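Take a moment with the chain before reading on.

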Amino acid sequence: MSPHSSTDFILDDALDAAIRRAGEWVAEAQFVVALTGAGLSVESGIPPFRGPGGIWTKYGEPPMDGYQRFLRDPRGAWLERLSPKEDWMRALGDAVRAAKPNAGHHAFAELERRGLLAALITQNIDDLHRQAGHRHVLEIHGNHRLLRCIECNARFDPSEIAVDPERLPPLCPHCSGLVKTDVVHFGEPIPPDVLRACFEAVDHADLMIVAGTSATVYPAAEFPFEVLRRGGRVIEVNPEPSELTASATLLLRGPGAGVLSRLLEHAIAAQQEARA
Ligand SMILES: [Zn+2]
């Protein structure tokens, strides 16, 4: 045994052998899709919403009709966004702004750069995949940094839209639609362009890496099962088994940062071997 420790987990021989197999699958697959969730962000210091240490566990659940509230009173919703009165919003905002991508985010970005990862779908709104250098990110629940027109779905960097507290809400320069945060509120449909791109990616996937999420919430919950139905493989990366584990082709039990950076090494080695 030559356990090799990385940040906060011990890579024993059995786990490393499983990660090597996963790396070989990544190298030989035609179209690899990743699906990530809150667990990956937790490793960057962003608390989850629910469960122990969760933001809503601590501050209470927010109203479940955020989108309807926005539509009823867009100006009020914007004023709240500009100076949040809700403790959980402030706590989440502070955590997200302070967070940095971890080795898991960087490993996915490097897989993409090397042509080993075709698409990445995330349930996270924290922008950390992009900050790690990932180029094509499908953000099912939006991105907290961006703004979005609810009519034409155009996304805007905050620098592209003048947000004048005297003239709220801001309107879309293309279609004059209402502009809100890109983050998908409770009660708000997932933007159809993102959803379509997700289904398209999943339709092509012969391997899916699910990291930091048990994928129990629609639509993400469908994705791994769709890949399995079509004969593809699903690799789950999670510190604890989840509802997905019984169906997954392979569970790599450990934190995303440690497991994914090792997975990257094995995938590169397998890719080089295949080329030699
Ligand atoms: Zn618009």
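What follows walks through a metal site, a helix and a set of strands.

This is a predicted model, in which local features need pLDDT of at least 70 and side-chain atom pairs count only at pLDDT 80 or more, while totals for chains, interfaces and linings use all residues. Residues are numbered from 1 along each chain as its sequence is written, and side-chain values use heavy atoms, with hydrogens and water left out.

Start at the zinc ion. Its protein donors are C149 (SG), C152 (SG), C172 (SG) and C175 (SG), at 2.3 to 2.4 Å. Donors are N, O and S atoms within 2.8 Å of the metal (3.2 Å for Na, K and Ca); water is not among the atoms, so sites may look incomplete. Along the sequence, the donor residues follow the spacing C-x2-C-x19-C-x2-C. C149 and C175 link distant parts of the chain, 26 residues apart. C149 belongs to strand 6 (residues 147–149), while C175 sits in the loop between strand 7 (155–156) and strand 8 (179–181). Helices (H or I, at least four residues) and strands (E, at least two) are DSSP runs, numbered from the N terminus.

What is the geometry of the zinc site? It is tetrahedral, with angles of 97 to 118° among the four donor atoms. Four donors count as tetrahedral if all angles lie between 85 and 135 degrees. The ideal angle for four tetrahedral donors is 109.5 degrees.

Are C149 and C175 buried or partly exposed? C149 is buried, because its relative accessible area is 0%. C175 is partly exposed, because its relative accessibility is 33%. Buried means under 20% relative accessible area, exposed over 50%, and partly exposed in between (1.4 Å probe, protein chains only).

Now look at helix 5. P74, W78 and E80 are buried there. They fall within an arc of 160° seen down the helix axis, so they line one face of helix 5. The arc is that of the directions from the helix axis to the C-beta atoms. The buried residues of helix 5 pack against helix 4 (66–72), helix 6 (87–98), strand 6 and strand 8. E80 contacts K85, E86 and M89, leaving aside neighbours within four places in sequence. Contact means heavy atoms within 4.5 Å.

Finish with strand 10 (residues 233–238). Five of its six residues are buried. Strand 10 runs parallel to strand 9 (residues 207–211), joined by five bridges. Strand 10 also pairs with strand 11 (residues 250–253) in the parallel sense, over four bridges. Two strands pair if DSSP finds at least two bridges between them.

Terms used:
Tetrahedral: all angles 85-135°; square planar, octahedral: opposite > 155°, others 65-115°.
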